[in-house]
Amino acid sequence: KGKCPEDGWDESTIELFLHELAIMDSNNFLGNCGVGEREGRVASGLVARRHYRLIHGIGRSGDISAVQPKAAGSSLLNKLTNSVVLDIIKLAGVRTVTNCFVVPMATGMSLTLCFLTLRHKRPKAKYIIWPRIDQKSCFKSMITAGFEPVVIENVLEGDELRTDIEAVEAKIEALGAENILCVHSTTSCFAPRVPDRLEELAVICANYDIPHIVNNAYGVQSSKCMHLIQQGARVGRIDAFVQSLDKNFMVPVGGAIIAGFNESFIQEISKMYPGKASASPSLDVLITLLSLGASGYKQLLKERKEMFFYLSSELKKLADIHNERLLDTPHNPISLAMSLKNLDENNDAAVTQLGSMLFTRQVSGARVVPCGSVQTVNNYTFKGFMSHANDYPCAYLNAASAIGIKKQDVDVFLKRLDKCLKTSRKEAKKEKSVNEISNSNTGTEQLGD
């Protein structure tokens with residue numbers, strides 16, 4: 001039926017299935033006589049076993065989704081993976097999605113592929129409307145495709161940074177709809193930025209007949225992000241949404257899913273990919289979903305949501321102890337932010353020092369964001385880079401409850417964060433008192449002179 005099995009398979013069943021697929025590829029035929037330049041020859045037995053002897057990759061030179069006659073098993077693997085992944089996207093909340101395919105590139109390059117496909121539909125267009133999110137790969141995806149990003153600054157509502165819908169529409173009017181390739185919006189993001197107002201953006205795109213590409217990097221694991229995409233497609237226009245394999249399905253980095261509601265447009269994107277492609281990302285995600293089953297994946301989504309509420313409540317308690325606060329970002333379902341105002345006021349370097357302390361104590365993934373940092377990316381200068389705004393009111397620390405997180409991860413993180421905050425405060429106070437004594441001595445010397 002091309003759907004994810006409800007209950008996961010055991011490893012021996014999965015391996016038997018993969019071996020059955022592999023023997024359909026010509027390089028594994030007993031009497032095969034290969035005289036071409038690409039015959040699936042592998043010098044190392046270890047490499048062959050690592051790939052279950054599925055060596056031919058996926059697609060053909062003109063279409064990543066096409067069937068290879070001499071690689072029936074690899075082609076079947078590709079078709080099945082795309083079908084199973086489509087089933088999971090529907091299960092996760094985007095019920096009306098019609099087509100998707102796994103592409104062996106991470107999210108940034110997959111977005112670039114979408115933009116390059118749109119280039120042929122809108123030859124006059126040179127701009128992409130982009131509500132600001134301080135993450136380099138999604139910004140570079142537009143530059144790499146040869147377009148000029150038009151950065152729309154977010155608006156501060158309470159602690160949250162939200163989409164400035166009026167600014168988006170005003171910029172479309174100013175530039176002219178025919179000169180705009182698409183609106184490039186974002187769902188999953190670091191707090192205090194929250195998912196874009198997808199419904200309103202989708203309505204604007206429908207009204208002005210402008211394509212809409214959504215960066216849904218790690219949004220599959222969030223029912224809220226998936227609901228936004230579903231609603232956006234229902235009330236307006238969403239042409240494609242792109243998500244990472246590693247972030248949503250716990251597989252190695254190197255693959256993404258491009259999905260959408262217009263089957264022919266998604267096929268156009270797959271045909272834009274030049275040449276054949278690695279089957280590894282497709283193989284990894286198929287093995288993972290067969291082993292989890294639909295019920296196993298749903299359980300992981302449930303546990304992630306539970307851990308988000310646990311992390312939120314425990315981080316709030318810790319913030320209160322240290323006279324800080326958990327920023328109020330109810331529209332962000334994955335990422336949380338805790339202010340570092342006291343640390344920042346005592347010592348400018350103390351905030352970045354906290355990040356180093358956490359990393360050396362084996363806390364990965366936590367982001368420490370100081371105020372006022374400036375960064376240039378591809379000749380575009382961002383003030384307040386990493387905070388998604390020119391002047392966010394305070395420095396802060398990010399932590400996320402992503403799929404696969406365990407209670408132990410949260411508890412150990414909070415324990416280490418508590419120790420680091422105590423140490424940072426002590427060092428900041430010590431440095432402050434040393435500076436005060438130094439300034440006092442300097443003043444005395446000047447009076448003596």
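Me: Where does Arg 38 sit?
Reply: Arg 38 is in the loop between α1 (11–22) and α2. Helices here are DSSP runs of H or I with at least four residues, strands are runs of E with at least two, and both are numbered from the N terminus. This is a predicted model: local features need pLDDT of at least 70, side-chain atom pairs count only at pLDDT 80 or more, and totals for chains, interfaces and linings use all residues. Residues are numbered from 1 along each chain as its sequence is written, and side-chain values use heavy atoms, with hydrogens and water left out.

Me: How does Arg 38 count on accessibility?
Reply: Arg 38 counts as partly exposed because its relative accessibility is 43%. The classes are buried under 20% relative accessible area, exposed over 50%, and partly exposed in between, with a 1.4 Å probe and protein chains only.

Me: What is Arg 38 in contact with, leaving aside neighbours within four places in sequence?
Reply: His 56, Lys 70 and Lys 276. Contact means heavy atoms within 4.5 Å.

Me: Where is Lys 276, then?
Reply: Lys 276 lies in the loop between α10 (263–272) and α11 (280–321). Leaving aside neighbours within four places in sequence, Lys 276 is in contact with Arg 38, His 56, Ile 58, Gly 59, Arg 60, Ser 61 and Gln 68.

Me: Which backbone oxygen does the Lys 276 side chain reach?
Reply: That of His 56, at 3.3 Å. A polar contact is a pair of N or O atoms within 3.5 Å; within protein, one must be able to donate a hydrogen and the other to accept it, and residues adjacent in sequence count only if both atoms are side-chain atoms.

Me: Which other residues does UniProt list for "binding site"?
Reply: The unreviewed entry lists Arg 60, Ser 61, Gln 68 and Lys 276. They are spread over 217 residues of sequence but cluster in space, with a largest C-alpha distance of 9.8 Å.

Me: And Arg 60, where is that?
Reply: In the loop between α2 (45–50) and α3. Arg 60 is partly exposed, with a relative accessible area of 41%. Beyond four places in sequence, its contacts include Gln 68 and Lys 276.

Me: New topic. What is the strand order in the sheet?
Reply: Seven strands form an open sheet, β1-β9-β8-β7-β6-β2-β3, with mixed pairing. β1 (99–103) and β3 (148–152) are at the edges, each with a single partner strand, so one side of each has no neighbour in the sheet. The twist averages 20° from one strand to the next. Two strands pair if DSSP finds at least two bridges between them.

Me: How many bridges join β2 to β3?
Reply: Five, and β2 (residues 127–131) and β3 run parallel. Tyr 127 has Glu 148 in β3 as its bridge partner.

Me: What does α3 lie across?
Reply: β1, β8 (240–244) and β9 (256–260), running at about 120° to β1. Axes are lines fitted to C-alpha atoms, for helices over the stretch in contact, and angles run from 0 to 180 degrees between N-to-C directions.

Notes. UniProt positions renumbered as here; feature names shortened; annotations may be inferred.
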